[in-house]
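Welcome! Please have the model open as you read.

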Amino acid sequence: MTSAAELRQLRTRAMCAFTRRVDKIVGSGVHPRRIASEVAGCLGELLTQPRVLAPAHLLPAPDRYRQHLVHVDPHGRYSVVSLVWLPGQRTPIHSHRCWCVVGVLRGKEEEIRYDLDPRSRGLHRRDVVVNPVGSVSALVPPERDIHLVRNAGSTLAVSVHVYGADIGRLGSSIDTIYSAD
């Protein structure tokens, strides 16, 4: 596991400035919906910077999308993660355990969103959204939280995720994985 000191050494100047802004937002005590909205605005600005992530946070894995822990708030209130996707790599259909803000840094990601039928507990595809470079989205569970994300392009895709939890401790923001039937 990467130590806090090692994580600090890998952060770029742009990421350090971003996490200082996020520290203030999450420390303000406002509702998670407002936190996610304000963090989304900051993430949109971060994505315009020339060097957002260290080279180590841009490395893919050959067999599945790869998660790199970029920053964990010392108080465990939030984490920044990069997800790196080769063409065709995808998540399972899942929901989240905390608020989440995502920005696409490279490539394009397709998000397939689902609704859960409260009676049958079955999934119904709601819509499909393709998120290009620079797009930012936010979600706060349980509202519209079930989705699958995949690299929809023919080149590497990289996204920056900010989760309202300590992903270093939890390992993932995924709460529930759903079957596709």
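## Cysteines and disulfides

Searching the whole structure turns up 0 disulfides, where a disulfide is a pair of cysteine sulfur atoms within 2.5 Å. The sulfur of Cys 98 has its closest cysteine sulfur in Cys 100, 6.8 Å away, which is too far for a bond. Cys 98 is buried, with a relative accessible area of 8%, and Cys 100 is buried too, at 3%. Buried means under 20% relative accessible area and exposed over 50%, with partly exposed in between (1.4 Å probe, protein chains only).

## How to read the model

This is a predicted model, in which local features need pLDDT of at least 70 and side-chain atom pairs count only at pLDDT 80 or more, while totals for chains, interfaces and linings use all residues. Residues are numbered from 1 along each chain as its sequence is written, and side-chain values use heavy atoms, leaving out hydrogens and water.

## Helix α2 and its two sides

Helices (H or I, at least four residues) and strands (E, at least two) are DSSP runs, numbered from the N terminus. Helix α2 covers residues 13-26, 14 residues in total. From first C-alpha to last, α2 reaches 20 Å, close to the 20 Å expected at 1.5 Å a residue (1.5 Å times one less than the number of residues).

Ala 14, Met 15, Phe 18, Thr 19, Val 22, Ile 25 and Val 26 are the buried residues of α2. Seen down the helix axis, they fall within an arc of 125°, so they line one face; the arc is that of the directions from the axis to the C-beta atoms. On the other side of α2, Arg 13, Arg 20 and Lys 24 are exposed.
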